[in-house]
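The following exercises are worked through step by step. Please study the sequence and the structure before reading each solution.

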4 protein chains.
Amino acid sequence: MSLEKLRAEVLEANLELVRRGLVLYTFGNASGRDAASGLVVIKPSGVPYERLRAEDLVVVDLEGRVVEGTLRPSSDLPTHLALYRAYPQIGGVAHTHSRAATAFAQARREIPCLGTTHADYFHGPVPVTRLLSPEEVRDDYEARTGEAIVERLGEEDPLQRPGILVAGHGPFTWGRSAMEAAHHAVILEELAEIAWRTLALNPAAGPLPPYLLEKHFFRKHGPGAYYGQPDEERR
Amino acid sequence: MSLEKLRAEVLEANLELVRRGLVLYTFGNASGRDAASGLVVIKPSGVPYERLRAEDLVVVDLEGRVVEGTLRPSSDLPTHLALYRAYPQIGGVAHTHSRAATAFAQARREIPCLGTTHADYFHGPVPVTRLLSPEEVRDDYEARTGEAIVERLGEEDPLQRPGILVAGHGPFTWGRSAMEAAHHAVILEELAEIAWRTLALNPAAGPLPPYLLEKHFFRKHGPGAYYGQPDEERR
Amino acid sequence: MSLEKLRAEVLEANLELVRRGLVLYTFGNASGRDAASGLVVIKPSGVPYERLRAEDLVVVDLEGRVVEGTLRPSSDLPTHLALYRAYPQIGGVAHTHSRAATAFAQARREIPCLGTTHADYFHGPVPVTRLLSPEEVRDDYEARTGEAIVERLGEEDPLQRPGILVAGHGPFTWGRSAMEAAHHAVILEELAEIAWRTLALNPAAGPLPPYLLEKHFFRKHGPGAYYGQPDEERR
Amino acid sequence: MSLEKLRAEVLEANLELVRRGLVLYTFGNASGRDAASGLVVIKPSGVPYERLRAEDLVVVDLEGRVVEGTLRPSSDLPTHLALYRAYPQIGGVAHTHSRAATAFAQARREIPCLGTTHADYFHGPVPVTRLLSPEEVRDDYEARTGEAIVERLGEEDPLQRPGILVAGHGPFTWGRSAMEAAHHAVILEELAEIAWRTLALNPAAGPLPPYLLEKHFFRKHGPGAYYGQPDEERR
């Protein structure tokens with residue numbers, strides 16, 4: 001994929017967040033990585049989505065040095081880069097303050113896997129990071145946020161757990177591409193919305209039994225998947 | 001009704017789920033049965049609604065053998081077929097992960113008949129199926145799901161209870177036609193939405209007295225019905 | 001106002017319920033009374049709003065005899081008529097199953113006057129009727145519903161309390177005209193929506209002090225009102 | 001900025017409240033102050049937004065005397081003026097009855113700073129005013145409301161706490177301009193919406209640690225800010 005095409009996809013991924021009602025004003029951001037060069041394309045900081053054009057996007061390297069573009073990149077860029085550096089298999093990252101997911105992040109509660117909608121996308125609960133220490137917040141806050149995400153995921157395959165809640169902040173999601181990362185942001189918001197209603201109806205609601213979780217996750221993902229059409233690019 | 005017309009109706013039923021905000025991306029599916037041939041028309045698996053056309057729909061027989069169409073049918077097809085086989089009087093089935101109904105399914109709480117809106121459509125609570133066993137999930141999961149629905153309904157006339165919550169999963173609805181099944185999916189979501197707010201306001205809210213439930217259900221359904229116009233096709 | 005103009009207004013009042021998201025499919029109905037003749041114009045039963053035309057509306061007298069129109073009037077007509085007969089000062093009635101107000105009706109909780117938004121329109125809580133007895137439900141149910149509303153309002157001026165919750169059913173509202181009745185249905189839904197969130201945040205939330213309730217109600221209504229423009233028709 | 005331009009901006013600020021779903025019918029109002037003349041432009045009382053034009057706006061001096069315009073100003077004008085008189089640094093005020101923020105005002109609970117979304121805009125909780133006394137309500141109620149806001153803010157810089165909840169009533173917000181005040185009304189509603197879900201998920205949810213609150217507030221505001229583009233007018 002050329003950098004030109006990646007710009008177009010990253011623009012679309014950002015606009016998908018708007019179309020799905022996940023962002024207010026300039027909240028949120030999505031980025032994508034070019035597999036060939038390793039460069040990352042990201043939304044500029046504080047630019048309203050309605051006048052965002054592909055040429056406004058900023059191209060940076062994995063250390064955050066601007067390679068193309070005249071605008072400042074999103075202030076959350078170092079968080080995105082920490083994820084790209086840790087996980088070669090991901091090609092896109094998205095961040096929003098979407099309502100239901102942010103409420104879980106603020107309540108510092110993980111989202112348990114309460115149903116098959118969740119199990120279709122997440123192989124287990126959506127975890128919450130620990131709060132950063134005063135030192136971490138002072139010293140390169142956004143990069144430390146990314147590192148706390150990686151720390152929390154541990155040995156987990158990030159494509160089997162394509163999102164997390166940053167404590168007191170909001171969700172970050174990722175995927176094989178920028179569009180998939182945005183898609184996962186939308187799904188995560190829906191899961192959170194259904195989960196909080198479930199917990200309101202039954203505070204003791206338990207997670208799905210493991211055999212049902214496995215069934216749903218692997219019905220959509222991996223070699224035995226039979227959801228969707230065999231020739232389509234899975235997402 | 002020709003198979004051509006049935007395709008058009010099943011397409012419309014699927015799009016109705018979208019128009020009413022019940023589905024996200026490729027979630028959900030609706031099908032319809034041809035009374036003459038007994039064949040079933042269903043949405044293909046994982047195809048986005050915005051590019052779904054009547055010719056993409058898949059025609060299968062009651063054992064799930066593809067009769068027309070080149071795409072894979074919805075992975076929930078065996079659940080639909082179990083319902084068609086058990087109930088000759090139904091002509092359509094719909095499945096969504098709509099928010100409020102799915103929350104009840106995940107909380108594994110039936111939706112009590114708390115008001116006349118509910119009694120206008122359901123002759124009693126909306127029940128929840130039991131969880132499937134590990135063996136049932138392993139062995140032909142989607143067909144077992146349909147059988148668990150039939151098991152839960154028991155001797156009930158499915159047209160007096162046109163929907164159910166599959167535990168940990170979400171709602172299935174049905175009706176005399178695909179459009180009626182979709183219509184019931186919309187109604188069920190609305191009932192669930194009002195019910196959860198009712199239970200939040202009054203956790204001890206009791207069901208409608210039976211004489212009021214009967215009055216409302218039979219004011220709209222059956223020989224003594226006086227809701228709507230006498231010459232309209234009831235739904 | 002000619003009957004022709006009244007038909008147009010009643011059509012608009014019905015469509016206002018749709019535009020504001022208060023009704024689903026054929027739920028709900030609004031009517032208006034012609035001051036000169038005393039005739040009432042009401043929505044026909046079970047006709048979808050999107051194909052409702054002024055000529056489909058049904059004209060009846062105060063005993064419910066059809067004077068003009070070929071369609072069946074709304075099945076709730078006898079409830080509307082009981083209100084028109086009891087209160088000469090009202091010129092419009094509306095009924096919906098709007099979510100938040102219906103949840104209070106199902107929870108059988110009155111909506112306390114928790115804030116100034118409420119006090120701007122209702123001079124006190126929104127009351128709930130008693131449940132009808134089996135005999136009342138059997139014998140002319142819809143008229144008995146109207147009588148239970150009148151019984152609950154008692155000596156209250158209906159224009160100072162322009163709506164009520166029918167227990168287990170949903171809201172009825174009224175006003176000097178059909179449009180005002182529809183407007184009050186919209187306001188009541190908003191008040192109910194804010195009230196349930198208020199009660200979730202503070203289950204012990206008390207009503208507004210009487211001096212503040214009075215201030216707001218009479219700032220908008222009656223001879224000393226100073227809200228709005230002096231020459232506008234108040235609503 | 002000419003008075004003509006200010007009228008256009010105040011019109012836009014009022015329409016922004018509509019576009020973002022914060023107002024119903026004629027609820028709400030926004031005003032702006034002309035820095036040069038000190039005159040204030042405000043929405044007229046009770047005029048529907050859909051037919052509001054720039055020339056309908058009313059121009060008043062700081063004592064509320066109408067300088068231009070034939071319509072009555074918003075009945076909340078004296079509240080706006082009390083804020084303009086107390087705080088020379090503000091150039092706009094907005095008032096709505098938006099759902100989530102009004103629920104907190106009715107519950108008489110401040111909105112704690114539960115997350116970074118909040119800390120990006122408010123340097124601490126969103127406070128609630130005390131209830132006015134019967135005498136204050138009787139005697140120049142709307143001006144007393146403004147004074148109670150100023151009393152509650154105390155020594156606080158109003159631009160670091162750009163909104164408040166009036167007990168039993170609803171939110172007032174402000175900013176350097178009318179558009180910024182409207183923008184803050186939108187943000188405050190979003191914060192309130194996320195906060196009530198957070199408190200439902202975790203009634204014991206504590207505020208963000210001070211070092212994280214400071215980080216987020218000052219990342220967007222003040223000399224060290226690095227959010228957005230360096231040359232843009234901050235808001």
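**Exercise 1: the relation of the chains**

Chain B is laid on chain A with an RMSD of 0.0 Å by a turn of 90 degrees and a shift of 0.0 Å along the axis, where superposition is by least squares on the C-alpha atoms of residues with pLDDT of at least 70 in both copies. The model is predicted: local features need pLDDT of at least 70, side-chain atom pairs count only at pLDDT 80 or more, and totals for chains, interfaces and linings use all residues. Residues are numbered from 1 along each chain as its sequence is written, chains are lettered from A and ligands numbered from 1 in the order in which they are written, and side-chain values use heavy atoms, without hydrogens and water.

Task: Identify the axis that relates chain B to chain A.

Step 1. The turn of 90 degrees and the shift of 0.0 Å are the relation of a four-fold axis.

Step 2. In chain B, the C-alpha nearest this axis belongs to B:A200, 5.6 Å from it.

**Exercise 2: the sheet of chain A**

Task: Determine the strand order of the open sheet in chain A.

Step 1. Strand 4 (66-68) and strand 6 (163-166) of chain A are the edges, each pairing on one side only.

Step 2. Strand 2 (residues 40-42) and strand 3 (residues 58-60) of chain A pair over three bridges, and A:V40 stands opposite A:V60 in strand 3.

Note on methods. Two strands pair if DSSP finds at least two bridges between them. Helices (H or I, at least four residues) and strands (E, at least two) are DSSP runs, numbered from the N terminus.
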